[in-house]
Amino acid sequence: MTLMKALAAAVLYAATATIANPLLAEPATTEELRAMRSGDMKKLLIHPKPKPAVNMKFITKDDTPLTSADFAGKTLLVNFWATWCAPCRKEMPQLNALQKEFGGDDFEVLTIATGRNTPDGIKRFFADAGVDSLPRHQDPKQALASQMGIFGLPITVIMDPEGREIARLRGDADWSSDSAKAIVQALIAGKADS
(Lines give C-alpha, C1' and ligand atoms only; values in the text may rest on other atoms or scores of the structure.)
Protein backbone atom coordinates (compact mmCIF):
# COMPACT_ATOMS: atom_id res chain seq x y z
CA MET A 1 0.00 0.00 0.00
CA THR A 2 1.42 3.35 -0.94
CA LEU A 3 1.87 6.07 1.65
CA MET A 4 -0.89 8.17 0.02
CA LYS A 5 -3.36 5.27 0.11
CA ALA A 6 -2.50 4.54 3.74
CA LEU A 7 -3.02 8.20 4.67
CA ALA A 8 -6.31 8.36 2.77
CA ALA A 9 -7.54 5.19 4.50
CA ALA A 10 -6.55 6.61 7.91
CA VAL A 11 -8.36 9.89 7.24
CA LEU A 12 -11.49 8.06 6.05
CA TYR A 13 -11.42 5.78 9.09
CA ALA A 14 -11.00 8.73 11.48
CA ALA A 15 -13.78 10.67 9.77
CA THR A 16 -16.11 7.67 9.94
CA ALA A 17 -15.36 7.03 13.61
CA THR A 18 -15.87 10.68 14.52
CA ILE A 19 -19.10 11.08 12.54
CA ALA A 20 -20.57 7.81 13.83
CA ASN A 21 -19.98 8.83 17.48
CA PRO A 22 -22.39 11.60 18.53
CA LEU A 23 -20.29 12.37 21.60
CA LEU A 24 -17.29 13.27 19.45
CA ALA A 25 -18.73 15.28 16.60
CA GLU A 26 -21.32 17.74 15.47
CA PRO A 27 -23.74 16.54 12.77
CA ALA A 28 -22.10 16.06 9.38
CA THR A 29 -22.91 18.79 6.94
CA THR A 30 -23.71 18.29 3.29
CA GLU A 31 -20.16 19.41 2.54
CA GLU A 32 -18.71 16.85 4.96
CA LEU A 33 -20.77 14.12 3.31
CA ARG A 34 -19.53 15.27 -0.08
CA ALA A 35 -15.96 15.08 1.23
CA MET A 36 -16.53 11.40 2.13
CA ARG A 37 -17.13 10.51 -1.52
CA SER A 38 -14.35 8.69 -3.31
CA GLY A 39 -14.18 6.23 -6.19
CA ASP A 40 -17.64 5.43 -7.59
CA MET A 41 -19.26 7.41 -4.79
CA LYS A 42 -18.07 10.62 -6.47
CA LYS A 43 -21.09 10.07 -8.75
CA LEU A 44 -23.38 10.47 -5.71
CA LEU A 45 -25.11 13.84 -6.05
CA ILE A 46 -25.86 15.09 -2.54
CA HIS A 47 -28.55 17.75 -2.73
CA PRO A 48 -27.93 21.08 -0.95
CA LYS A 49 -31.40 20.76 0.60
CA PRO A 50 -33.72 17.74 0.75
CA LYS A 51 -36.26 17.59 -2.04
CA PRO A 52 -39.98 17.48 -1.11
CA ALA A 53 -41.27 14.12 0.09
CA VAL A 54 -42.63 11.72 -2.51
CA ASN A 55 -45.43 9.28 -1.77
CA MET A 56 -43.87 6.16 -3.23
CA LYS A 57 -46.28 3.47 -4.38
CA PHE A 58 -45.10 0.04 -5.57
CA ILE A 59 -45.86 -3.64 -5.00
CA THR A 60 -44.20 -6.60 -3.32
CA LYS A 61 -43.41 -9.91 -5.01
CA ASP A 62 -46.90 -11.02 -3.90
CA ASP A 63 -48.64 -7.95 -5.40
CA THR A 64 -49.19 -6.36 -1.97
CA PRO A 65 -49.18 -2.57 -2.32
CA LEU A 66 -46.62 -0.58 -0.33
CA THR A 67 -46.22 3.17 0.16
CA SER A 68 -43.74 5.55 1.76
CA ALA A 69 -45.73 5.28 5.00
CA ASP A 70 -44.57 1.66 5.34
CA PHE A 71 -40.98 2.93 5.74
CA ALA A 72 -41.54 6.09 7.80
CA GLY A 73 -38.64 6.91 10.09
CA LYS A 74 -36.04 4.98 8.08
CA THR A 75 -33.25 6.21 5.89
CA LEU A 76 -33.80 4.42 2.57
CA LEU A 77 -31.42 3.53 -0.22
CA VAL A 78 -33.85 2.91 -3.08
CA ASN A 79 -32.33 1.14 -6.08
CA PHE A 80 -34.27 1.12 -9.35
CA TRP A 81 -33.17 -1.74 -11.57
CA ALA A 82 -34.27 -4.32 -14.18
CA THR A 83 -33.51 -7.96 -14.94
CA TRP A 84 -32.02 -7.06 -18.34
CA CYS A 85 -29.64 -4.47 -16.85
CA ALA A 86 -26.00 -5.70 -16.83
CA PRO A 87 -24.73 -3.01 -14.41
CA CYS A 88 -27.60 -3.94 -12.07
CA ARG A 89 -26.32 -7.52 -11.96
CA LYS A 90 -22.89 -6.22 -10.99
CA GLU A 91 -24.01 -4.02 -8.08
CA MET A 92 -26.90 -6.10 -6.66
CA PRO A 93 -24.66 -8.42 -4.55
CA GLN A 94 -23.01 -5.31 -3.05
CA LEU A 95 -26.42 -3.83 -2.19
CA ASN A 96 -27.32 -7.18 -0.64
CA ALA A 97 -24.19 -7.02 1.55
CA LEU A 98 -24.98 -3.39 2.49
CA GLN A 99 -28.44 -4.46 3.68
CA LYS A 100 -26.95 -7.33 5.69
CA GLU A 101 -24.44 -5.02 7.37
CA PHE A 102 -26.59 -1.93 7.99
CA GLY A 103 -30.24 -2.93 7.53
CA GLY A 104 -32.51 -2.58 10.54
CA ASP A 105 -34.84 -0.17 12.28
CA ASP A 106 -33.04 2.92 10.95
CA PHE A 107 -31.91 1.92 7.45
CA GLU A 108 -33.11 -0.26 4.59
CA VAL A 109 -32.04 -1.02 1.05
CA LEU A 110 -35.13 -1.20 -1.17
CA THR A 111 -34.75 -2.72 -4.60
CA ILE A 112 -37.53 -1.91 -7.04
CA ALA A 113 -37.61 -3.63 -10.43
CA THR A 114 -39.17 -1.11 -12.77
CA GLY A 115 -40.85 -1.86 -16.07
CA ARG A 116 -41.32 -5.28 -17.63
CA ASN A 117 -39.77 -7.71 -15.16
CA THR A 118 -41.64 -10.92 -14.49
CA PRO A 119 -41.73 -12.23 -10.92
CA ASP A 120 -40.01 -15.43 -12.11
CA GLY A 121 -37.34 -13.40 -13.91
CA ILE A 122 -36.69 -11.35 -10.77
CA LYS A 123 -36.49 -14.51 -8.67
CA ARG A 124 -33.96 -16.06 -11.11
CA PHE A 125 -31.93 -12.82 -11.22
CA PHE A 126 -31.66 -12.76 -7.42
CA ALA A 127 -30.77 -16.46 -7.27
CA ASP A 128 -28.08 -16.10 -9.97
CA ALA A 129 -26.61 -13.05 -8.21
CA GLY A 130 -26.68 -14.70 -4.76
CA VAL A 131 -29.06 -12.07 -3.39
CA ASP A 132 -30.84 -13.26 -0.25
CA SER A 133 -31.46 -10.14 1.86
CA LEU A 134 -33.18 -7.74 -0.52
CA PRO A 135 -36.87 -7.36 -1.32
CA ARG A 136 -38.24 -8.25 -4.74
CA HIS A 137 -40.42 -5.15 -5.09
CA GLN A 138 -41.85 -4.06 -8.43
CA ASP A 139 -42.97 -0.95 -10.28
CA PRO A 140 -44.41 -2.80 -13.32
CA LYS A 141 -45.94 0.20 -15.07
CA GLN A 142 -43.01 2.50 -14.21
CA ALA A 143 -45.38 4.89 -12.44
CA LEU A 144 -43.05 5.41 -9.48
CA ALA A 145 -39.99 5.63 -11.73
CA SER A 146 -41.70 8.29 -13.81
CA GLN A 147 -42.86 10.21 -10.74
CA MET A 148 -39.30 10.22 -9.37
CA GLY A 149 -37.59 11.08 -12.67
CA ILE A 150 -35.87 7.73 -13.10
CA PHE A 151 -34.57 7.61 -16.65
CA GLY A 152 -31.98 4.93 -17.32
CA LEU A 153 -30.98 2.13 -14.98
CA PRO A 154 -29.69 1.58 -12.42
CA ILE A 155 -30.42 4.69 -10.41
CA THR A 156 -30.18 4.83 -6.64
CA VAL A 157 -32.01 7.43 -4.56
CA ILE A 158 -31.26 8.03 -0.89
CA MET A 159 -34.21 9.26 1.17
CA ASP A 160 -34.19 10.64 4.68
CA PRO A 161 -36.53 9.38 7.45
CA GLU A 162 -39.13 11.99 6.38
CA GLY A 163 -39.26 10.54 2.86
CA ARG A 164 -37.34 13.39 1.22
CA GLU A 165 -34.71 12.72 -1.45
CA ILE A 166 -31.30 13.78 -0.17
CA ALA A 167 -29.01 12.17 -2.75
CA ARG A 168 -29.03 10.38 -6.11
CA LEU A 169 -26.56 8.24 -8.02
CA ARG A 170 -26.94 7.47 -11.73
CA GLY A 171 -25.42 4.19 -12.90
CA ASP A 172 -23.87 1.40 -10.90
CA ALA A 173 -21.45 1.93 -8.04
CA ASP A 174 -19.24 0.00 -5.65
CA TRP A 175 -21.55 -0.14 -2.63
CA SER A 176 -18.98 -2.27 -0.78
CA SER A 177 -16.43 0.58 -0.73
CA ASP A 178 -15.27 2.30 2.44
CA SER A 179 -16.67 5.54 1.04
CA ALA A 180 -20.18 4.08 0.56
CA LYS A 181 -20.15 2.54 4.03
CA ALA A 182 -18.96 5.78 5.67
CA ILE A 183 -21.77 7.74 4.01
CA VAL A 184 -24.38 5.15 5.04
CA GLN A 185 -23.05 5.12 8.62
CA ALA A 186 -23.26 8.92 8.81
CA LEU A 187 -26.81 8.90 7.49
CA ILE A 188 -27.93 6.13 9.84
CA ALA A 189 -26.43 7.96 12.79
CA GLY A 190 -28.64 10.88 11.82
CA LYS A 191 -25.65 13.04 11.21
CA ALA A 192 -26.60 14.55 7.88
CA ASP A 193 -28.09 18.02 7.92
CA SER A 194 -31.63 18.15 6.63
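The legends below accompany close-up views of a predicted model. Local features require pLDDT of at least 70 and side-chain atom pairs count only at pLDDT 80 or more, whereas totals for chains, interfaces and linings use all residues. Residues are numbered from 1 along each chain as its sequence is written, and side-chain values use heavy atoms, with hydrogens and water left out.

**View 1. The disulfide between C85 and C88.**
The structure holds 1 disulfide, a term used here for a pair of cysteine sulfur atoms within 2.5 Å. This disulfide joins C85 to C88, with an S to S distance of 2.3 Å. Because the torsion about the S-S bond of C85 and C88 is about 80 degrees, the disulfide is right-handed. C85 counts as buried at 3% relative accessibility, and C88 counts as buried at 0%; buried means under 20% relative accessible area, exposed over 50%, and partly exposed in between, with a 1.4 Å probe and protein chains only.

**View 2. The largest nonpolar core and the surroundings of L77.**
A nonpolar core is a set of buried Ala, Val, Leu, Ile, Met, Phe, Trp, Tyr and Cys residues joined through side-chain atoms within 4.5 Å. The largest such core has 35 residues, and those with the most contacts inside it are L77, W81, M92, L98, F126 and W175. Among the elements that give two or more residues to this core are β4 (75–81), α3 (86–102), α4 (119–129) and α6 (178–188), where helices (H or I, at least four residues) and strands (E, at least two) are DSSP runs numbered from the N terminus. The largest share of the core, 6 residues, comes from α6. Leaving aside neighbours within four places in sequence, L77 is in contact (heavy atoms within 4.5 Å) with residues including L95, L98, F107, V157 and W175. A second, separate core of 16 residues includes L66, I112, L144 and A145.

**View 3. Strand β7 and the strands paired with it.**
Strand β7 (residues 155–159) is largely enclosed by the rest of the structure, because 5 of its 5 residues are buried. In a regular strand the side chains alternate between the two faces of the sheet. In β7, I155, V157 and M159 point one way, T156 and I158 point the other way, and all are buried. Two strands are taken to pair if DSSP finds at least two bridges between them. On this basis β4 and β7 run antiparallel and are joined by 5 bridges, with M159 as the bridge partner of L76. Strands β7 and β8 also run antiparallel and are joined by 5 bridges, and I155 stands opposite R170 in β8. The hairpin formed by β7 and β8 has 5 residues between the strands, and G163 in its turn has a positive phi of about 85 degrees.

**View 4. The aromatic cluster of W81, F125 and F126.**
Rings of Phe, Tyr and Trp (its six-membered ring) pair if their centres lie within 6.5 Å, and planes under 30 degrees apart count as stacked, over 60 as edge-to-face and the rest as tilted. A search of the whole structure finds 4 aromatic pairs. W81 and F126 form a tilted pair, at 5.5 Å centre to centre with 35 degrees between the planes. This pair links distant parts of the chain, as W81 lies in strand β4 and F126 in helix α4, 45 residues apart. F125 and F126 form a tilted pair at 6.3 Å centre to centre, with 50 degrees between the planes. F125 is buried, with a relative accessible area of 2%, and both W81 and F126 are buried.
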